[in-house]
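Hi there,

Here is the structure I promised to pass on. Have a look at it first, and my notes follow below.

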Amino acid sequence: MRSYKGLLLLAFGLAMAAPAQAVCDVGPESAAANSASIASLAWAPFRRAETGWYVYAPRIAHEIGSSCAFGSRGFAAALARWQAARQLPSHGRVDVLTMSAMIGGWHAQRPYVRLRASGSCPAAPELSALAPATISEGYGGKLVLLRPAALASYRQMRAAAWRDVPVLASDKRWLSIFSAFRAPVDDAARCAIEQNCQGVVRANCSVHRTGLAIDLYVGQARGLPPESSADSNRIAMSRTPAYRWLVQNAARFGFVNYAFEPWHWEWTGEAPLPDSDPSPGEMVPDAE
Ligand SMILES: [Zn+2]
């Protein structure tokens, strides 16, 4: 038989749990619109047409400070507060105007993007200034190089993820690095082979030349490689504990995410190197 004290604790626990659910149940009716648009919003947030916002839902939730379900009234209420604080129509719906503002803020967190917007392309460090990750840190044993301080922060971050989410420690693929420093000459060769320069007049300028960017294994859809930008792959990644932990915690270790690619993170603890050839050219945003 449960003790009186136990019943009291049980009652207290229920009372404590109730407000959290109540918070998620209170908010504008626009929650219903979010339930629909998460699978149907037609837009092109990164110059490529896509449908819905499942991929971005964890980052939106983090941005607006809501842990409620994406289609709940509480989520819509948190979004409405975020919109109001930025003088946007505060209806609580995820729409293109709101997301343009939010994604603009996400871009602004990335020093590399600010440099590119000013017309600069960071120089690549000398190979001797880079440090190798261990075999177990590289995806599939791949040898990858990073700036030493970025590698140290990565190690701290991965160790913290393992402590917080034990399942990530059980399979060493999680949060291993499948791409880090890439020499500009190698990127240029790949660009030519794959014909993916997208009309850039100046030589392609990937952030991976900085030695500060890492591509992390955060899951994959069945049959697709971890770096595939297929929408089904990106949606699968957005739902993994690895990606969701990063969204919540990576900033503590100095890492920011390129939202289109759940796997791509940039370390902000040191600045990219200055442009070695600061002649003006036509600047087109680069693929990561
Ligand atoms: Zn990348």
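Before the helix packing, a word on terms: axes are lines fitted to C-alpha atoms, for helices over the stretch in contact, and angles run from 0 to 180 degrees between N-to-C directions. Helices (H or I, at least four residues) and strands (E, at least two) are DSSP runs, numbered from the N terminus. Please note that this is a predicted model, where local features need pLDDT of at least 70, side-chain atom pairs count only at pLDDT 80 or more, and totals for chains, interfaces and linings use all residues. Residue numbers start from 1 along each chain as its sequence is written.

**A helix pair**

Helix α3 (residues 57–64) packs with α11 at an angle of about 25°, and their axes are 10 Å apart. From α3, P58, R59 and H62 meet Y243, R244, V247 and Q248 of α11; contact means C-beta atoms, placed from the backbone, within 7 Å.

**The cores**

A nonpolar core is a set of buried Ala, Val, Leu, Ile, Met, Phe, Trp, Tyr and Cys residues joined through C-beta atoms within 7 Å. Buried means 20 or more other C-beta atoms within 10 Å of a residue's own, exposed means 12 or fewer, and partly exposed lies in between, with C-beta atoms placed from the backbone. The largest such core has 38 residues, of which L146, A180, I214, L216, V218 and A242 touch the most other members. Elements that each supply at least two residues of this core include α7 (148–164), β7 (213–216) and α11 (241–249). Leaving out residues up to four places away in sequence, A242 touches L168, W174, L175, V218 and G219. There is also a second, separate core of 22 residues, with I60, I64, W82 and Y258 among them.

**Helix α2**

In α2 (residues 31–40), the buried residues are A31, N34 and S37. Viewed down the helix axis they fall within an arc of 110°, so they line one face of α2; the arc is that of the directions from the axis to the C-beta atoms. These buried residues pack against α4 (73–85), while the face turned away from them carries the exposed A36, A39 and S40.

I235 is found in helix α10 and counts as partly exposed, with 15 C-beta neighbours inside 10 Å. Beyond its neighbours within four places in sequence, I235 is in contact with Y54 and V55. I235 and W53 are 182 residues apart in sequence but 8.9 Å apart in space, C-alpha to C-alpha.

Best wishes

Notes
Two residues are in contact if their C-beta atoms, placed from the backbone, lie within 7 Å.
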